[in-house]
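Visitor: Could you walk me through this one, starting from the inside?

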Amino acid sequence: MMKIKNGNVVILGMLLMVMLFSGCNGSAEETTDENAGGTDETVEPADGEATDGFPKTIHHAKGETVIESKPETVAILYFPYAEHLFAIDEASLVGGVVGLKSLQNFPVYEPFLTSGEIIDLGDEANLEQIVELNPDVIIATEIDDKIYDQLEKITDTVMIPMSENWQETIIQVGAVVGEEEKAQQYIDSFNQKLTDIAATMEQTEQKGKTALFMMTWANGFNYYSGVRMAHYYEELGFEPFAELDDYGEIGLEGVSELDPDYIFLAEDFTETAETKLQDLEESPVWNQLTAVKHDHVYVVDTEMMGPLAMGQFKGLEVIEQIMNEAE
């Protein structure tokens, strides 16, 4: 069983990811690409304004907000948006994060959190803590709608509805700090890597091989096969299992019935799962799996299976390494 760790993917990495697998704050699976609350607004500069300068007017889910100068301290009320600033090399702007502990579960974010400079704003938005942080701008979501007016009294506040499509939200978050170009560059880099790996999979005849992405959970596994895994399936070329839902639980016998060519296995980051890797290695059922027989089981960090930018980029690098070794 091959173990893939961080290696050269330190800088590129939902809930999860609150937590990774139930959807961000339990709502991301439901909101997907549509903004909650019936608004079609997105965060973008007003027409005619420089996209790389301030002051700038940001159109968002609650109207318009004029930001006079590039923020130096940002309060993030939804931790995936802090992740977006990490991804575009703007971590220094992140002053405090609601749900910071959720990011601490995943190795790809360790370089940004070890200094302790980012304030943990708790599990829910706390107005007193936000006031104490004294941010230049607050980035909120529809979860914070009831306190939006109070947030506006503290400082400029922008509402970006949750989505499992990080390529939309990273642009919106980047716009708030005047770095939408860097956000687009990150997206372009991700998409280019997708193209390159897909070509390698075609050349090595791995395209069309079935793959199962799962994490040890309870006395079995959680699997992931929905929108957050679309890059691995639809664009790279792994074959999904049509009978699986977007995500769910599956036992070892169920895995045996699917019998995938590739297994990407993450260990439960809560460390509560009864299923242990060493137990699997001693299981006759496990050892009869096609992926096990061909040494195509890869133990990976959990963020690979989440819906966030750095986790998915890290996932591509893991698969790229595997496919390059197959050449």
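Guide: What follows is a short tour of a cavity, a helix, the cores and some backbone details. This is a predicted model, in which local features need pLDDT of at least 70 and side-chain atom pairs count only at pLDDT 80 or more, whereas totals for chains, interfaces and linings use all residues. Residues are numbered from 1 along each chain as its sequence is written, and side-chain values use heavy atoms, with hydrogens and water left out.

Visitor: OK, what volume does the largest cavity have?

Guide: Its volume is about 50 Å³. A cavity here is a set of points, on a 1 Å grid over the protein atoms alone, where a 1.4 Å probe fits but cannot get out, and lining residues have an atom within 4 Å of a point. The volume itself is the space filled by probe spheres set on the points, which are joined across faces, edges and corners.

Visitor: And which residues lie nearest its centre?

Guide: Of the 11 lining residues, those are Pro 80, His 84, Ser 163, Thr 169 and Leu 308. The lining divides into 7 nonpolar, 3 polar and 1 charged, where Ala, Val, Leu, Ile, Met, Phe, Trp, Tyr, Cys and Pro count as nonpolar, Asp, Glu, Lys and Arg as charged, and the others, Gly among them, as polar.

Visitor: Which helix gives the most to that lining?

Guide: Helix 2 does, with 3 residues, and both helix 2 (79-87) and helix 7 (166-176) supply at least two. Helices (H or I, at least four residues) and strands (E, at least two) are DSSP runs, numbered from the N terminus.

Visitor: Why is helix 2 described as largely enclosed?

Guide: Because 9 of its 9 residues are buried, helix 2 is largely enclosed by the rest of the structure. Buried means under 20% relative accessible area, exposed over 50% and partly exposed in between, with a 1.4 Å probe and protein chains only.

Visitor: What comes after helix 2?

Guide: Asp 89 follows helix 2 and has a positive phi, near 65°. Asp 89 sits in the loop between helix 2 and strand 6 and is exposed, at 62% relative accessible area. Glu 90 is found in that loop too, but Glu 90 counts as buried at 7% relative accessibility. Glu 90 touches Lys 70, Leu 85, Glu 179 and Lys 182, not counting residues up to four places away in sequence, contact meaning heavy atoms within 4.5 Å.

Visitor: Switching topic, which residues touch the most other members in the largest nonpolar core?

Guide: Among its 67 residues, they are Phe 86, Phe 213, Phe 238 and Phe 264. Helix 14 (residues 309-326) gives the largest share, 8 residues. Domain 1 (56-178) and domain 2 (184-326) both contribute, so this core lies between them; the domain bounds come from an automatic or database domain assignment. A nonpolar core is a set of buried Ala, Val, Leu, Ile, Met, Phe, Trp, Tyr and Cys residues joined through side-chain atoms within 4.5 Å.

Visitor: What about Ala 183, buried or exposed?

Guide: Ala 183, in helix 8 (residues 180-203), is buried, with a relative accessible area of 0%. The C-alpha atoms of Ala 183 and Ile 88 are separated by 5.9 Å, although the two are 95 residues apart along the chain.

Visitor: Last one: where is there a cis peptide bond?

Guide: Phe 54 and Pro 55 are joined by one, with omega about 0°, and Pro 55 lies in the loop between strand 2 (44-45) and strand 3 (56-60).

Key
On a 1 Å grid over the protein atoms alone, a cavity is a set of points where a 1.4 Å probe fits but cannot get out, and a pocket is an open set with protein on both sides within 12 Å along at least five of seven lines; lining residues have an atom within 4 Å of a point.
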